[in-house]
Amino acid sequence: MAAKSKQDLLSLALKEFEKLCRLLDILPAGLRLELDDEGVSPKDIVAHRAHWIELFLGWYLDGQEEKTVYFPAEGYKWNETKRYNADLRARQTGMTWTGAVALLERNHNKLLRLIESLSDDQLYSAPMKGANNAWPTGRWAEAAGPSHYRSATKYLRQRIKRFNSKPQ
């Protein structure tokens with residue numbers, strides 16, 4: 001369900017973040033850095049979600065300042081997100097589990113502050129400046145926050161289920 005107002009977006013962000021945090025709290029320590037078949041760990045998933053919030057916040061700010069907005073980042077096109085995410089994991093290799101969770105919490109709070117600072121009109125009445133598409137700021141915020149939290153929760157539930165079913 002896509003948010004259509006500031007209050008919907010805030011409620012959705014809080015609800016999905018709370019679900020994710022409850023899962024992070026019970027994630028087995030032995031699973032946090034364990035790689036899946038694609039070389040991705042739960043720590044990578046958490047750090048990735050934190051980073052994409054930063055990307056959105058940067059896109060928003062650059063658009064407001066009428067700077068060039070690079071989607072998803074300078075030197076990458078949308079059809080290269082797999083490469084971008086692999087490069088991101090390489091840059092975040094030294095990040096700890098605790099660091100990834102702390103970064104997610106900080107960036108979630110930054111996202112909430114931005115949403116709270118904007119009106120319904122600023123969030124939903126027009127395309128986000130610099131985005132070069134029809135998505136309003138609120139839709140971009142939802143994609144960077146609640147939608148990413150939801151997909152991380154789903155992924156982590158699957159990883160926990162497989163981890164718990166492995167012979168010890």
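**Entry 1: how covered is α6?**
I am working with a predicted model. I looked up helix α6, residues 137-144, and found it mostly covered, with 6 of its 8 residues buried. My list of the buried ones reads Thr137, Gly138, Trp140, Ala141, Glu142 and Ala144.

**Entry 2: α6 against α7**
I took this pair next and got an angle of about 20°, with the axes 3 Å apart. Angles under 35 degrees count as roughly parallel, so I wrote α6 down as roughly parallel to α7. The residues of this contact divide into 4 nonpolar, 2 polar and 2 charged. From α6 I listed Arg139, Ala141, Glu142, Ala143 and Ala144, which meet Pro146, Ser147 and His148 of α7.

**Entry 3: the largest pocket**
I noted a volume of about 250 Å³ for the largest pocket. Its lining is made up of Asp36, Glu38, Val40, Asp44, Ile45, His48, Arg49, Lys82, Asn85, Arg89 and Tyr155. By class I have 3 nonpolar, 2 polar and 6 charged residues.

**Entry 4: the second largest pocket**
Here I wrote down about 160 Å³. The lining residues are Glu34, Leu35, Asp36, Asp37, Glu38, Tyr155, Arg159, Arg162, Phe163 and Lys166. I sorted this lining by class too: 7 charged, 3 nonpolar and no polar residues.

Conventions. Residues numbered from 1 in each chain as written. Predicted model: local features only at pLDDT ≥ 70, side-chain atom pairs only at ≥ 80, totals over all residues. Heavy atoms only, no water. Buried < 20%, exposed > 50% of the residue type's maximum accessible area, 1.4 Å probe, protein only. Helix = DSSP H or I, 4+ residues; strand = E, 2+ residues; numbered from the N terminus. Axes fitted to C-alpha atoms, helices over the stretch in contact; angles between N-to-C directions. Parallel < 35°, antiparallel > 145°, perpendicular 65-115°, else oblique. Contact = heavy atoms within 4.5 Å. Nonpolar A, V, L, I, M, F, W, Y, C, P; charged D, E, K, R; others polar. 1 Å grid on protein atoms, 1.4 Å probe; cavity = no way out; pocket = protein on both sides within 12 Å on 5 of 7 lines; lining within 4 Å. Points joined across faces, edges and corners; volume = space filled by probe spheres on them.
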